[in-house]
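Trainee: I would like to learn how to read the features of a model like this one. Could we go through it together?

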Amino acid sequence: MISTMEPALTEDALLGGRVRLLQPARGYRVAVDAVLLAAAVDAAAGARILDLGAGVGAVGLCLAARLPGCTVVGIELQTALAALAEHNAALNGMSHRVQILVHDLAQPLPADLGAFDHVVSNPPYLAAAVADPSPDPSKALATVESSADLARWLEVATGAAKPAGTLLVIHRSDRLEEIVDRLGRLGWGDVAVKRLPPARRVLVQARRAVGAARREVPPLTLHRPDGRYTDEAEAILRHAAPLAF
């Protein structure tokens with residue numbers, strides 16, 4: 001399937017070359033969001049991590065590169081992207097630690113997956129009702145909600161997390177209130193928000209707790225005024241530093 005995919009593929013590098021990544025040359029392309037999401041996971045050795053919306057495997061591979069001993073299960077709707085993700089896992093020598101499943105989140109997750117220490121997700125950013133989808137079908141599926149909306153993504157993530165587990169989501173900042181409200185309804189009492197200026201993105205970390213508490217933690221400024229990455233962002237994106245909450 002990979003050899004016949006259209007459009008052509010490029011090979012790119014993440015984390016300063018620690019991760020090699022094949023991805024379509026056109027359509028949806030991996031952005032820094034995937035690296036930031038992986039960097040925000042604080043996992044112990046042996047942790048099981050679920051990546052909802054795995055795409056070509058960028059988040060899972062960054063997690064595996066940063067966190068020796070962890071294992072990752074990636075869920076992806078598009079079969080062509082899932083095949084690329086599997087290939088990328090092999091390309092990086094991580095097939096034994098990164099597993100990819102083709103699955104539609106509108107349906108329950110397979111019962112034999114069990115529960116996870118951490119669940120991470122980079123859901124489609126645009127609601128179908130307000131989106132102007134890309135003419136590229138694969139990019140449209142990656143960026144616009146389809147069979148499962150944002151509420152459903154968060155519901156699936158909640159159901160897959162262990163009672164003491166964490167949920168991490170990266171999304172558009174203009175949907176932050178929707179995310180926080182839904183997490184509260186799903187029982188996540190401790191919600192931390194980290195903004196990523198000047199990007200209109202936000203990282204949300206949720207833990208189960210009695211009551212409801214929303215915390216704004218110090219932001220991560222991604223760019224200097226001249227457009228270059230800040231030193232802190234550079235350390236995360238190039239040198240695999242953790243992104244602290």
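Trainee: What do the buried residues of H1 pack against?

Mentor: Packing is read through contacts, meaning heavy atoms within 4.5 Å. The buried residues of H1 pack against E1, helix H2 (58-66), E6, E7, E9 and H7. The labels follow DSSP runs, numbered from the N terminus: helices are H or I runs of at least four residues, and strands are E runs of at least two. This is a predicted model, where local features need pLDDT of at least 70 and side-chain atom pairs count only at pLDDT 80 or more, while totals for chains, interfaces and linings use all residues. Residues are numbered from 1 along each chain as its sequence is written, and side-chain values use heavy atoms, with hydrogens and water left out.

Trainee: How many residues of H1 are buried?

Mentor: Buried means under 20% relative accessible area, exposed means over 50%, and partly exposed lies in between (1.4 Å probe, protein chains only). Helix H1 (residues 32-39) has 7 of its 8 residues buried, so the rest of the structure largely encloses it. Those buried residues are Asp33, Ala34, Val35, Leu36, Leu37, Ala38 and Ala39.

Trainee: Is H5 mostly covered or mostly open?

Mentor: Helix H5 (residues 150-160) is mostly covered, with 8 of its 11 residues buried. Among the buried ones are Arg152, Trp153 and Leu154. Their cover includes strand E3 (48-52), strand E6 (116-121), strand E7 (161-172) and helix H6 (176-185).

Trainee: And Gly159, is that residue buried or exposed?

Mentor: Gly159 is found in H5, and it counts as exposed because its relative accessibility is 68%.

Trainee: Which residues of H3 are buried?

Mentor: An α-helix has 3.6 residues a turn, so residues three or four places apart point the same way. In H3, the buried residues are Leu81, Ala82, Ala83, Leu84, Ala85, Asn88 and Ala89. Thr79 also lies in H3, but Thr79 is partly exposed, with a relative accessible area of 46%. Its C-alpha is separated by 9.5 Å from that of Gly55, 24 residues apart along the chain.

Trainee: What is Glu86 in contact with, leaving aside its neighbours within four places in sequence?

Mentor: With that exclusion, Glu86 is in contact with Ser95 and Ile100. Glu86 has its place in H3 and is partly exposed, at a relative accessible area of 44%.

Trainee: Which residues should I look at for backbone angles?

Mentor: Start with positive phi. Leu15, a residue other than glycine, has phi near 55 degrees. Leu15 sits in the loop between strand E1 (9-14) and strand E2 (19-24), and it counts as buried because its relative accessibility is 2%. Ala240, also a residue other than glycine, has phi near 65 degrees and is placed in the segment after helix H7 (231-239). Just after H3, Gly93 takes a positive phi of about 65 degrees.

Trainee: Where is the peptide bond that is cis?

Mentor: Look at omega: from Pro197 to Pro198 the peptide bond is cis, with omega near 0 degrees. Pro198 is found in the loop between strand E8 (190-195) and strand E9 (201-207).

Trainee: How do I read the chain as a whole?

Mentor: Begin with the inventory, which comes to 7 helices and 10 strands. Next comes the radius of gyration, taken over C-alpha atoms, with a globule rule of 2.2 Å times the number of residues to the power 0.38. For 245 residues a compact globule would be near 18 Å, and the chain's 17 Å agrees. Of the 245 residues, 47% count as buried. Lastly, residues 24 or more positions apart account for 65% of the contacts with a separation of 6 or more.
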